[in-house]
Amino acid sequence: KGETLKPGDVYLLNNPYNGGTHLPDVTVITPVFTPPSPPLVMGGNNQENSLVMGGNNQENSLVKEGNNQENPAILFYVASRGHQADIGGITPGSMPPNSTNIEQEGILIDNVQLVKEGDFLETELLNLLTSGNYPARNPATNIADLQAQIAANEKGVQELLTMVEYYGLNTVKTYMQFVQDNAEISVRRAINVLTDGEFSYEMDNGGIIKVNIKINKNNRSAKIDFTGTSPQLPTNFNAPKSICKAAVLYVFRTLVDDNIPLNAGCLKPLEIIIPDGCFLNPGYPAAVVAGNVETSQVIVDALYGALNVMSASQGTMNNFTFGNQNYQYYETICGGSGAGINYHGTDAVHTHMTNSRLTDPEVLEWRYPVLLEEFSIRENSGGLGKFKGGNGIIRKVRFLATMTAGILSEHRIIPPFGLNGGQPGLVGKNYIIRDNGTVENLESTATVEMNINDIFVIETPSGGGYGHNQ
């Protein structure tokens, strides 16, 4: 609560049911308070060395409401969110393909104090990270990562206060409000050219996302209604409400031609209906690790399908994890993007809700006991049409030590859709080539034990085509 926060406090959370995404995404939050007043120089005519308290120049003096320095006011909050390499759970990397409840995915952190009035609570944090049935495997790395996030927040605090001191608090607040107001106007302008639409999108696990979009031309607003979406799933493809809202925000931001920063103002013209108990609004203790990385992609493609703007992209992040007690690694893998009204899809690219870079092969092989045998474009996999979908890729990793590997993916059964006569893209494939030459095909989600010289192969899906091929 605001009345209990003090300067130098920092808080920590990853609770998916309280604004988080999934457990590896850890958010560090720092409140920004009014700085302590410098000593008041009484008397004398040296204005350079005297602090004008109050005065007539409110813009250039750091005077805030609630000038009681014993109870400084909170001006802003700064936050940083980082994906932890491991936060516990039943598999290394905290992205278990087959989790069925949140405890199996790692340590759940909800509003825990990380720094108290400048003191880093390392003992308490270590106790938290090593608690539960599935504790973090390398808490020292978690602590180092969190310290980096604390430092990033502190830099943000310093920059904000410098800006306030230079421009004045009223000016900074006014421009912050303008950024949101301008985003709202830009989205309303984009909505003005849209039409009503609906779409139903089936996933590999049988879950169905239904979305209906109604455009109100009078006030240039939109209602996005997910009624009819499948109930909460027994798998980990449940997506917290915050994920669904973020996907809607992303889609409508991409429809704006103006160069605006992504912010909450984009949501003001949008009414979003997400029924309680569906798998886009699950309740505790639903497993959610795939909701952030997989279901989010399907939400985006369903929205583009309803708006008839763009064919499906690969629709997955192809989450690949491997590790043991000594190593933990996680990556997302690129594929093909969907074609649109007047453009082809792109080969081998991260799409929509992911844009992370892959580790350089040299670094990967230096830090982990693996060899990258192949990383190539999956030729002729994109959906055909007037505009062709982008091609996926082929990635082969040879293991030089015994490890547990996991794949968490989509579109291994249901192909990425095409629009307006465009053909769907190819589904992806997951399989293992054992050292003795035998091939083991895997499903969309799988956990396997890798022995020395076994090769894990991932062929990622491609984008759908758009329009009839003339």
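Keep in mind that the model is predicted.

Let me start with the sheet. It is open, it has 5 strands, and the order is β12-β13-β18-β15-β16. The pairing is antiparallel. From one strand to the next, the twist averages 15°.

Which strands stand at the edges? They are β12, residues 370–377, and β16, residues 439–442. Each has a single partner strand, so one side of each is left without a neighbour in the sheet.

Now go across it. β12 and β13 run antiparallel and are joined by 7 bridges. One residue pair there deserves a look. F375 has R395, in β13, as its bridge partner. The side chains of these two residues meet as well. The charged end of R395 sits over the ring of F375, 4.7 Å from the ring centre.

Next, β13 to β18. This is another antiparallel pair, with 5 bridges. Here R398 has I455 of β18 as its bridge partner. On to β15, residues 429–433. β15 also runs antiparallel to β18, and 5 bridges join the two. Opposite I432 stands F456 in β18.

Stay on β18 for a moment. How many of its 5 residues are buried? The count is 5 of the 5, across residues 455–459, so the strand is largely enclosed by the rest of the structure. Look at the two faces. I455, V457 and E459 are on one side, and F456 and I458 are on the other. Both faces are covered, and all of these residues are buried. Note that E459 is in that buried set.

The structure holds 12 aromatic pairs. Take Y166 and Y167. Their rings pair edge-to-face, 4.8 Å centre to centre, with 80° between the planes. Are these two tyrosines buried or exposed? Y166 is at 60% relative accessibility, over the 50% cut-off, so Y166 counts as exposed. Y167 is partly exposed, with a relative accessible area of 45%.

Here is another pair, F322 and F399. This one is edge-to-face too, at 5.2 Å centre to centre and 80° between the planes. F322 belongs to strand β10, residues 319–323, and F399 to strand β13, residues 393–399. The pair therefore ties together parts that are 77 residues apart in sequence. F322 has 1% relative accessibility and counts as buried. F399 has 0% and is buried as well.

Both rings also belong to a cluster. Ring pairs link F320, F322, Y327, Y329, Y368, F399 and F456.

Now the helices. Helix α3 covers residues 169–191, which is 23 residues. It reaches 33 Å from first C-alpha to last, close to the 33 Å expected at 1.5 Å a residue. Its buried residues are L169, V172, A183, E184, S186, V187, R188, A190 and I191. What covers them? The list includes β3, α2, β7, β8, α4 and β9.

Helix α4 has 14 residues and spans 20 Å, close to the 20 Å expected. Buried here are I243, C244, A247, V248, L249, V251, F252 and R253. Among the elements covering them are α3, β8, β9 and α5.

Last, the backbone. Most residues other than glycine have a negative phi, and most peptide bonds are trans.

Where is the cis bond? It runs from Y284 to P285, with omega near 5°. P285 lies in the loop between β9 and α5.

Next, S94. Its phi is positive, about 55°, although S94 is not a glycine. S94 sits in the loop between β3 and β4. With a relative accessible area of 0%, S94 is buried.

Finally, R220. This non-glycine residue also has a positive phi, near 55°. R220 lies in the loop between β7 and β8. At 32% relative accessibility, R220 counts as partly exposed.

That is the tour. Over to you.

Conventions: Residues numbered from 1 in each chain as written. Predicted model: local features only at pLDDT ≥ 70, side-chain atom pairs only at ≥ 80, totals over all residues. Heavy atoms only, no water. Helix = DSSP H or I, 4+ residues; strand = E, 2+ residues; numbered from the N terminus. Expected span 1.5 Å × (residues − 1). Buried < 20%, exposed > 50% of the residue type's maximum accessible area, 1.4 Å probe, protein only. Contact = heavy atoms within 4.5 Å. Phe/Tyr/Trp six-rings, centres within 6.5 Å; stacked < 30°, edge-to-face > 60°. Lys NZ or Arg CZ within 6 Å of the ring centre and 35° of its normal. Pairing = 2+ DSSP bridges. Axes fitted to C-alpha atoms, helices over the stretch in contact; angles between N-to-C directions.
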